[in-house]
Amino acid sequence: MRGGWDAVKLHKLIPYGLSTVGVALVLLAAGLLRASVGSLGLAPLLYLLPVTFAAARWGRAPAYVAVVLAVIGHDVLFVDPVGSLTITHVDEAVGLVLLLITASVIARLAADARQGERKGREAEVTRRSKRARNRSANA
């Protein structure tokens, strides 16, 4: 398909879509928790789950998308005035900024760990390949 969305382009969007679904599920869980308990308490920490998963599985970019969506979603759905991106209480603003910073740091650390693991596997393949070549050259 020329000039359109081919399978490769769509495949690259899957991590972003799944990160979005993860955040949506956590927002749903937070809403159910707020409806049953009356307050969210530490529920915003749940947003770290899709962020960490996205970073560990797909890297930084999908994780940062999850961070931004979590902060905006929480603000719009649970922070007064509900339904807007306006924050009227300083403690809510501080909480959202801390969530953004924490989730961003976790996203970076998880993505770095993922990249380190990949490099370790590549180094091991290279070592095995060199050993095999040395054995066949000495034989």
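A crossing of two helices is called left-handed if the near helix is turned anticlockwise from the far one by less than a right angle, and right-handed if it is turned clockwise. By this rule the crossing of α2 and α3 is right-handed; the helices here (H or I, at least four residues) are DSSP runs, numbered from the N terminus.

The model is predicted, so that local features need pLDDT of at least 70 and side-chain atom pairs count only at pLDDT 80 or more, while totals for chains, interfaces and linings use all residues. Residues are numbered from 1 along each chain as its sequence is written, and side-chain values use heavy atoms, with hydrogens and water left out.

**How the helices pack**

Two packed helices are described by the angle between their axes and the distance between the axes. Axes are lines fitted to C-alpha atoms, for helices over the stretch in contact, and angles run from 0 to 180 degrees between N-to-C directions.

| Helix pair | Angle | Axes |
|---|---|---|
| α2 and α4 | about 25° | 7 Å apart |
| α3 and α4 | about 165° | 9 Å apart |
| α2 and α3 | roughly 165° | within 7 Å |

Angles under 35 degrees count as roughly parallel, over 145 as roughly antiparallel, 65 to 115 as roughly perpendicular and the rest as oblique. Helices α2 and α4 are therefore roughly parallel to each other, and their crossing is right-handed.

Contact means heavy atoms within 4.5 Å. Between α2 (residues 48-58) and α4 (residues 90-138), the residues that meet include Leu48, Val51 and Trp58 in α2 and Leu99, Ile106 and Arg114 in α4. This contact divides into 11 nonpolar, two polar and two charged residues, where Ala, Val, Leu, Ile, Met, Phe, Trp, Tyr, Cys and Pro count as nonpolar, Asp, Glu, Lys and Arg as charged, and the others, Gly among them, as polar.

Helix α3 passes α4 in a right-handed crossing, and among the residues that meet there are Tyr64, His74 and Asp75 in α3 and Glu92, Arg108 and Asp112 in α4. By class, the contact of α3 with α4 has 10 nonpolar, two polar and five charged residues.

**The largest pocket**

A pocket is an open set of points on a 1 Å grid over the protein atoms alone, where a 1.4 Å probe fits, with protein on both sides within 12 Å along at least five of seven lines, and its lining residues have an atom within 4 Å of a point. The largest pocket has a volume of about 410 Å³, and of the 21 residues that line it, Gly41, Pro44, His74, Glu92 and Gly95 are the closest to its centre. The largest share of the lining, seven residues, comes from α4, and by class the lining has 10 nonpolar, seven polar and four charged residues.

Conventions:
Helices (H or I, at least four residues) and strands (E, at least two) are DSSP runs, numbered from the N terminus. Grid points are joined across faces, edges and corners, and a volume is the space filled by probe spheres set on the points.
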